[in-house]
Amino acid sequence: MAAAAGSELPPSIEELPPLAALLQPLPTAGSAPAGASCPSVRPGGGVVVLSSDSEDEAEDGNEWTEEPNLLVLLGLEEFLSMVHSYKQAARGCAEQKETLQSFVARVMEKMPGKILALTVVEVEKYFRCLRAQSKKRLQQTTVNRSQGEDGGDQRKKQVNHPGLEITRLDVEDALVDLQLCTRVQVTFFESWEELGEFAAMFTKAVAEAPFKREQQNTGFSFYLENKWCRGVKVDHSGKGLLEVWKRQIQQFNRVSGEMAEAVVSAYPSPQLLVQAYSKCSSEQERENMLADIPVRRGTGVTATYRRVGPDLSRRIYLQMTSLDPDLYLDVTG
């Protein structure tokens, strides 16, 4: 077991490494070095500060808006040392060393107001290593006893192991204490590749957060002065009819504003849509006519695309062409 973590953050917060450097795969990543049975441990941990640019500032690329989310990477040796320190403190050990809780407290002291996400790589590999070593020692003990070796000497050889090993229960106890006291959770990853995928998703979520907050900042849907409830004003020239058509589409269940916008962009009026239906050669073709219309969500580099889909395409078709006033459109909904 490694010694407890030192009094300074590894590496110091003042010298933060770039995300690409932390996630760069090493030749030994994911495998144990030659002659060793335990997972290789990268020395030190990392503190990655993720930030996202606002929509207006992304055009010039010179200014950035820092988000409150922190992705904190702890080295395996550091993490196990902190768990061991918590275990010793729970037993009443007088020597105070770095624990997960004290580590989080120091990070928050240096970066107040941040939201931490702790990550550790290859913890499960460590537990597999312990099981393999325990099995090997048990087999060796059986062989030694069968050969008549002195049991007292064997016990002396084994006494150094149990106190240094960190069990799964020790880790769970430390994590529960951390979550109850700081509300910070730890995510484990089998490999550095999994960590890289998580970092990519984490970065995307942070980048999309301002856009999603802006989308949600629309007031109460039942408030009479809300834009949706006020209705649409249509003048004599026909201005406003497109918005009326869009809101008609949005009245279907499970239809977002982006989906309705995609449909009315392809067919700007109900008449054009009905004319397109009349040109189809089969019922199935008419039902699926809108299915492949692309729907854009978000803006800029975080934009994603999906399709309208066959379900909404069928419901719109039935609504526009059916003569049955009692037809239930959400048969499969």
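Predicted model: local features only at pLDDT ≥ 70, side-chain atom pairs only at ≥ 80, totals over all residues.
Me: How many helices and strands does the protein have?
Reply: The chain has 333 residues, of which 35% count as buried. Among contacts with a separation of 6 or more, 64% join residues 24 or more positions apart. The secondary structure of the protein comprises 12 helices and six strands.

Me: What distance does helix α2 reach from its first C-alpha to its last?
Reply: Helix α2 covers residues 76-90, which is 15 residues. At 1.5 Å a residue, a span of 21 Å is expected. The value in the model is close to that expectation, at 21 Å.

Me: Which residue just after α2 takes a positive phi?
Reply: Helix α2 ends at residue 90. Just after this helix, phi is positive, at about 90 degrees, in G92.

Me: Against which elements do the buried residues of α2 pack?
Reply: The buried residues of α2 are L76, E78, F79, L80, S81, M82, V83, H84, S85 and K87. Their partners include both helices and strands. The helices are α3 (100-110), α4 (123-146) and α6 (168-182), and the strands are β2 (69-74), β3 (115-121) and β4 (186-189).

Me: How many charged residues does the contact of α2 with α6 have?
Reply: From α2, the contact uses F79, V83, Y86 and K87. By class, six residues are nonpolar and none is polar, while the number of charged residues is four.

Me: At what angle do α10 and α12 pack?
Reply: Helix α10 spans residues 270-278 and helix α12 spans residues 310-321, with their axes 11 Å apart. The two helices are roughly perpendicular to each other. The angle between them is about 100 degrees.

Me: How many nonpolar residues does the contact of α10 with α12 have?
Reply: P270, L273, V274 and Y277 of α10 meet S313, I316, Y317, M320 and T321 of α12. The contact holds no charged residues and two polar ones, and the nonpolar count is seven.

Me: Which residue of β4 is the bridge partner of T119?
Reply: Strand β3 pairs with β2 in the parallel sense over six bridges, and L73 has T119 as its bridge partner in β3. Strand β3 also pairs with β4 in the parallel sense, over four bridges. In β4, the partner of T119 is T187.

Me: How many of the seven residues of β3 are buried?
Reply: A residue is buried if its relative accessible area is under 20%. Strand β3 is largely enclosed by the rest of the structure, because the number of its residues that are buried is six.

Me: Is K114 buried or exposed?
Reply: K114 is in the loop between α3 and β3. This lysine touches E66, E67, P68, L70 and M108, leaving aside residues up to four places away in sequence. Its relative accessibility is 18%, so K114 counts as buried.

Me: What distance separates the C-alpha atoms of V107 and V72?
Reply: V107 lies in helix α3 and counts as buried, at 0% relative accessibility. V107 and V72 are 35 residues apart along the chain. Their C-alpha atoms are separated by 9.6 Å.

Note on methods. Residues numbered from 1 in each chain as written. Heavy atoms only, no water. Axes fitted to C-alpha atoms, helices over the stretch in contact; angles between N-to-C directions. Parallel < 35°, antiparallel > 145°, perpendicular 65-115°, else oblique. Contact = heavy atoms within 4.5 Å. Nonpolar A, V, L, I, M, F, W, Y, C, P; charged D, E, K, R; others polar. Expected span 1.5 Å × (residues − 1). Buried < 20%, exposed > 50% of the residue type's maximum accessible area, 1.4 Å probe, protein only. Pairing = 2+ DSSP bridges.
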